[in-house]
Amino acid sequence: MSDSTFHFYEPAKGHGLPHDPFNAMVGPRPIGWISSQSATGVRNLAPYSFFNGFNYTPPIVGFASIGAKDSLNNIRETREFGWNLATRPLAERMNASCAAVPPEVDEFELAGLTPAASRCIAVPRVAESPVSFECKLTQIVQLEDIDGMPVQSWLVMGQVVGVHISRHLLVDGIYDTAAGEPILRGGGSADYFTVTRDNLFKMFRPR
Ligand SMILES: Cc1cc2nc3c(=O)[nH]c(=O)nc-3n(C[C@H](O)[C@H](O)[C@H](O)COP(=O)(O)O)c2cc1C
């Protein structure tokens, strides 16, 4: 029940708002710009903002496919994928790569991007992106609801086995997050955020 201070809702009964705020509240989120390829070698590229890093050693990243999509199917087949940093200069091409096209369409071509050979996996990275990870599949976990019923969403996790960093982002050997101009996904149908140096503040952990 809502009161004057908080709007409360149980998602299963509807949010009662003009737009579902979930995406806007759990945000902004980094974008998993995922490259993959089919067993027959058809390249694929798509953005996934249900994406994050989950472990340091070994480094593990993951994204959620809401519905069984081409990236999930490819990664099931080949057990490899790439992650590419989506930046402000690449935002429109990242967006173009999300088009719902048949699996035989190469989204690198569709979005006007150049595939560059990876070092440890067969899947190419986005040459224009200043940071890419080469990943090998560790787990595909189908999500379940509180009743243990399967949800038609799959969490795809992979171990990072190769990392490419454009040298201009290494300042005295330190990776400069803001210089990479990453874009982050907010809510609604079109909200994104950029990261700039003036957003930075430092806070050290208690000893
Ligand atoms: C910024 C952005 C973030 C997205 N995040 C997700 C996501 O987390 N999960 C998902 O299933 N689809 C997401 N999508 C939609 C997919 O990119 C879209 O369905 C795409 O066609 C899937 O491509 P594929 O079938 O080649 O894998 C997102 C789209 C955009 C533009």
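An open sheet of 3 strands, ordered S1-S13-S14, is built with antiparallel pairing. Its edge strands are S1 (29–30) and S14 (192–194), each of which pairs on one side only. The model described here is predicted, and the distances and angles below should be read with that in mind. Within this sheet, strand S13 (residues 183–185) and S14 pair in the antiparallel sense over 3 bridges, and the bridge partner of Arg185 in S14 is Tyr192.

| Strand pair | Sense | Bridges | Residues opposite each other |
|---|---|---|---|
| S4 and S5 | antiparallel | 4 bridges | Asn52 and Gly62 |
| S9 and S10 | antiparallel | 12 bridges | Cys135 and Val160 |

S9 and S10 form a hairpin with 5 residues between them, and Gly148 in the turn has a positive phi of about 75°. A cis peptide bond also joins Gly27 to Pro28, again with omega near 0°, and Pro28 lies in the loop between H1 and S1.

**Helix H2 and the residue after it**

Helix H2 spans residues 70–78, and within this helix Ser71, Leu72, Asn74 and Ile75 are buried. Seen down the axis of H2, these buried residues fall within an arc of 165°, so they line one face of the helix. The strands against which the buried residues of H2 pack are S2 (32–37), S3 (43–48), S5 (60–66), S6 (80–84), S9 (131–144) and S10 (150–165). H2 is followed by Arg79, which sits in the loop between H2 and S6 and has a positive phi of about 60° although it is not a glycine. With a relative accessibility of 47%, Arg79 counts as partly exposed.

Asp172 likewise is not a glycine and yet has a positive phi, of about 50°. Asp172 is found in the loop between strand S11 (170–171) and strand S12 (174–175), and this residue is exposed, with a relative accessible area of 79%.

**The ligand site**

Which residues are the closest to the ligand? The ligand is surrounded by 18 residues, of which the closest are Pro47, Tyr48, Ser49, Ile66 and Ser71; Ser71 is also one of the buried residues of H2. A nitrogen atom of the ligand is 2.9 Å from a backbone N or O atom of Ala64, while an N or O atom in the side chain of Lys69 is 2.8 Å from an oxygen atom of the ligand. A polar backbone atom of Asp70 lies 2.9 Å from an oxygen atom of the ligand. On its own the ligand has 650 Å² of accessible area, and the protein covers 86% of this.

Ser35 has its place in strand S2, one of the strands against which the buried residues of H2 pack. Is Ser35 buried or exposed? With a relative accessible area of 0%, Ser35 is buried, because the limit for that class is under 20%. A polar atom of the Ser35 side chain lies 2.9 Å from the backbone oxygen of Pro124. Once neighbours within four places in sequence are left aside, Ser35 is in contact with Asn44, Leu45, Phe81, Gly82, Asn84, Phe108, Val123, Pro124 and Arg125.

His15 lies in the segment before helix H1 (22–25). Not counting residues up to four places away in sequence, His15 touches His7, Tyr9, Asp20 and Pro21. Its side chain reaches the backbone nitrogen of Leu17 at 3.1 Å, and a polar atom of the His15 side chain also lies 3.4 Å from the backbone nitrogen of Asp20.

Note on methods:
Residues are numbered from 1 along each chain as its sequence is written. This is a predicted model: local features need pLDDT of at least 70, side-chain atom pairs count only at pLDDT 80 or more; totals for chains, interfaces and linings use all residues. Side-chain values use heavy atoms; hydrogens and water are left out. Buried means under 20% relative accessible area, exposed over 50%, partly exposed in between (1.4 Å probe, protein chains only). Helices (H or I, at least four residues) and strands (E, at least two) are DSSP runs, numbered from the N terminus. The arc is that of the directions from the helix axis to the C-beta atoms. Contact means heavy atoms within 4.5 Å. Two strands pair if DSSP finds at least two bridges between them. A residue is near a molecule or strand if one of its heavy atoms lies within 4 Å of it. A polar contact is a pair of N or O atoms within 3.5 Å; within protein, one must be able to donate a hydrogen and the other to accept it, and residues adjacent in sequence count only if both atoms are side-chain atoms. Accessible areas come from the Shrake-Rupley method with a 1.4 Å probe; for residues, only the protein chains shown count as cover.
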